[in-house]
Structures are given as C-alpha cells and as structure tokens.
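Hello,

Here is the structure I promised to pass on. Please open it first, then read my notes below.

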Amino acid sequence: MSEVLVRARGLTKRFGSFTAVDGIDFDLYQGEAFGFLGPNGAGKSSTMRMISCVSPPTDGELAVLGRDPRRDGPAIRGRLGVVPQEDTLDVELTVRENLLVYGRYFGLPRAVIRERTEQLLDFVQLADRANDMVEPLSGGMKRRLTIARSLINEPDILILDEPTTGLDPQARHVVWDRLFRLKQRGVTLILTTHYMDEAEQLCDRLVVMDHARIAAEGSPRELIDRYSTAEVLELRFALDAHDRAAEQIKVMGTERTLLVGANGSSSGTAPAGHGRPSRPGIEVLADRILLYVPDGDAALAEVIARGLVPATSLVRRATLEDVFLRLTGRSLED
Amino acid sequence: MARLSLEARLTWRALRAWFTVYRRIWRSSVFSSVLGPVLYLGAMGFGLGSLVDRHGTAGIGGVPYLEFLAPAILAVQAMQSALAEATFPVYGAVKWDYRYVAARATPLRPVDIYRGHVLFIGIRLVMTSAIFLAVAAAFGSVPSPWAVAALPAAVLTGLAFAAPIAAWAITVRRDTAFNYAFRFGMTPLMLFSGTFFPLSRLPGWLRLIAYATPLWHGVALCRALTLGTATAGAVAIHVTYLLALTGAGLYAGGRVYARRLYA
C-alpha cells in the first residue's frame, strides 16, 4: 500500500450557520490522481482550501503530508502546488517574473528558479512567451502558466480547483494533456471538477460530492458499474408528448422486462457484485428520458413496440454524469 | 534567535515581490517624488511665503515662512504616500491583482504578507522623504543640520499611518471607502495640524483635537528637527506617540490579515 498523503475524517467547514463541508472522510494516496466531482456549491472548493492550508477546518481531523494544517501551515504549503479556480497571476509582470516572484515566496535561490523556469515554460509550451507581459495571454495560456507556477517548488501534491473551467474545448485538451503527463511522471494530483469527462480522463479514483457530503467513492469504472448500467438509452419526445411518454415508460419499467432485458440477465434493482453493471432504472429529466438498461437497442425496440415514437433516440455507454444523476436525481451542470 | 531569523526571512520574501513590481514603475515614481515638493515649496513657500514674510513672522517663531512650511509638507507628504500605498494596493492585492491571494498559497503567512508590504511602504517612505529633504535643502529651507534626523522622523510619521491603515484597508468591502477616508480624514488633518499656520491660531477645543492627531506630532517633530529647536522631552513625546500608533497597527495587522485571507 502506498503512503497516505492526505487523510480526512469527519472534516467539516462551516461559515456561520452555513455548512460548506459536512463531515467528509477520504484518503489520498501517493501517486494517484484523486478527483472531487460535483456541481457548483457542493463543497469541493472549500475542501480544497482546507487541504491547501488557507482555511482552517471547523471540525474533524485533517492531516496533510502527515502534519496538522492548523499548526504546520507554512511547512505543508511549502510542499504543495496550488492551481486556484481563478487565476491569481500578476498581470502587471512578465511570464518569467511571475515565476520569479512565486519561486521566491518558497525561498528558492535565483539560479534554481531560473533553471526550473526554463523547464516549466517548455513543459507548458510557453517558452516563446517568457518575456511577454501576462495581461494579453489567452485564457488557456494563463491557465498553463498558473500550472507552471504551481510546480516551481516541485510539490509533493498538486491541487487543482476546476482546472479547465472557462476554457474553450481546444484549450481544455491542451491542459488535460499536460496534466496527464504530470500524472505519468508520478505527480500526485487532487482536482475538483464539475466536468465528468475531465474526471474520467484524469482521475484514478474520485468521490462524488453533493450538498457538502460525499455521495459515493471509487474509480470512474467502479462508480459506473455500481450506480449505472452498461448502456443508457436516451429518448427525446416532442414537448407535448414528453410527460405522457414518461408515465407510460415508468409503468413499463414496473413490468421488469424493459429494464432487465427479455432473458432476465440482471437481477432487478439491487446493486450486484463488483464489475457488473447493475442498477437498472429510469430517470426523467425536463427534456429527455434516460433508461438504464443492459441492452439499449432491445429496450428501444420494446418502447417502440408499445406504440411510443421518440423524436430522437440514442444508445450510449454510461458515464460519470449518469452516476451523478442516479445518485442525486439531478444533472451535474444544472 | 532561529525563530526571529525565520520570521525575518519570510518578511523578506514578501518584501522582495514588491520590488519586482516596483522596478517597472520606478522612473515615473521618482519623477513625481521630485516634482511634488518642487511645486509645493515653489507655490506655497515662495509665493505665499513672500507675502507672509513681508508682514512679519513673529507668529511662526520668527523664521521665514518657507522654513516653517517645508518640514510640515515633509510630514504631510509622508502621510499622503503612506495612505496611497496602504489603501488601493492592499485592497487590490485581494481583489484586482491577487498578489496576496497568490502569496497565501505559499509558505508565507498572512502576517508575513502584511509585514512585507508595510516594510515596502516604509522603504518607499525613505525614498520620497529623502528626495523631499534634498529638494527642500536646495530651496534653502532647512537651516539646521538636525534636518538629517527629520528623515527617520518623516518615515515614522508615514508608518504610523501605513501600519494601521493597511490593516483597515484589507477589511474594506468597496474601494469607495478610501475616497471618504481621503476627503474626511486626510484633508482635515493636512489643514489643521499646524501645517500652514501654527496651532495657536485655532480655538482651544480644536487645538486639543489637533494635539491628539498623528499628523500634528509628525509635523511638530519634523519642524523641531529642521529648525534645530528640538528638545529631548518634546521629541520623546512625539516619537513615543508615533511608535505606539505604528506598533498598534503592526499588532492588529497580522491578525486582521489572517482573518481576511484565511476564510
């Protein structure tokens, strides 16, 4: 078993009467990429700030790198890299000066900062902008510079709060690519996101947060297996037909052949053992109806056989988005 | 000792960041540091001064008006630059350029961030006050060699404002508060602290208020030094007052910064 770098038990953060984080437990192991997935306001950023030692926990236990953030904040922060949700770059300085100022905060000698600056700017593909001001850089470049800056002290843990929020798709992929490389180098990552594709791409293990609590924990694959089915059938009906179709499909669901397949390949609604897609069911959203089934095409045929004609239909593999939906009854990006 | 040197190292790290930023603007900053005193001493000292001197200066201690005025403007300028540097830049370091927010993710503690910034303001005060004294000397308005001691006096006057004001500025929710502070705090202080005319011209109750304000102590201290009329007792009172205010600010600053930066 590899070393535990962050350990939280009953970790709680309250602001007055508002509870931002409500007694969560988790362990972060060395070398893994650990994600907090959840909608805005779920308590992810508050958790990140506590781990980053800039927000004292209200209650519970927290150990970061084996130390107590309440007592050893400076020593812990010296070994962390933090990429905050909003860029905190100094736009009145150049790219290089930003790294210089930040490196000095960690007490690094100038020569070390200079050497690492070259390597890091190469790594985030900003070497040709080293002497440019930060102000005119694009959002994606600023994000990459923030990542480079967070690595100046060669941190034991890199903490990323919503690393690609607000970036266009192309810029996101560049950031993901860099983070994936860090992961392959063995850098331990903690990240928060409300993008399920981000969590799927980057996280070895994650927790789903909702309303200040952890709703589920596991690898992306395990979570999908546990809370979803292998296939998802998405049905869209004309606006005036939506509600009635939803009622009919719910009734069909109680007849069991719709959800478990004609040959009864799954054993109803109880979660099955490991690795078995196991949680059939129906989720009705405002604009579409999702059927969690072992065989999407068979379910579609059955729906059509009952005389229901969807405007569009799609059979796809289950994702973490589905996990969140099944856990909370809500979509992630609401 | 080891602890002291750690504290000093962390403050030094926070301080250096401000120099990196200052390097970009030092030319225009030095230029305005020279221009300000030239304008002030030229207009008020020579212009107004020639008028005052013609009617006799017994009321201001029998010295030429320019010599009466120059040390006061030195103290006023220290107050003004302290306020300028301890308000918007502090507020901006949380809201606009995120300098504090970036620094708090590093080993620096809020108290280090605060001390580093106040120390930087102190160094800026040394620069602007030294330039002022040099210009004032060129105008022939500093008769006593004790004027050399007016440099630390002016810096102390500025710090007595900067240390508590920075602690306040980080708690401000909207930057319009600063404009009120300038208008209703700084301007009355500048006008009624024995700056342009001696306090003896004021009614008794107003004089009592003036004695309690930091700028009056700064003005009186600087004036006593540049005119060479300082007495040990008066200097001790002024210095103690200004040190106490600075110390109170330093005490509060670390705590207030921690509350604000560690949410």
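What follows is what I found, starting with the ground rules.

This is a predicted model, in which local features need pLDDT of at least 70, side-chain atom pairs count only at pLDDT 80 or more, and totals for chains, interfaces and linings use all residues. Residues are numbered from 1 along each chain as its sequence is written, while chains are lettered from A and ligands numbered from 1 in the order in which they are written.

Strand 1 (residues 4-15) of chain A is joined to strand 4 of chain A by five bridges. Arg9(A) sits opposite Glu61(A), which belongs to strand 4 of chain A.

The helix: helix 1 of chain A covers residues 44-51. Helices here are DSSP runs of H or I, at least four residues. Seven of its eight residues are buried (20 or more other C-beta atoms within 10 Å of a residue's own, with C-beta atoms placed from the backbone). Among them are Met48(A), Met50(A) and Ile51(A). Just after helix 1 of chain A, Cys53(A) has a positive phi of about 65°.

The domains: chain A is assigned domain 1 (4-224) and domain 2 (229-317), with bounds from an automatic or database domain assignment. Their C-alpha centres are 38 Å apart.

Best wishes

Key: Two strands pair if DSSP finds at least two bridges between them. Helices (H or I, at least four residues) and strands (E, at least two) are DSSP runs, numbered from the N terminus. A residue is buried if 20 or more other C-beta atoms lie within 10 Å of its own, exposed if 12 or fewer, and partly exposed in between; C-beta atoms are placed from the backbone.
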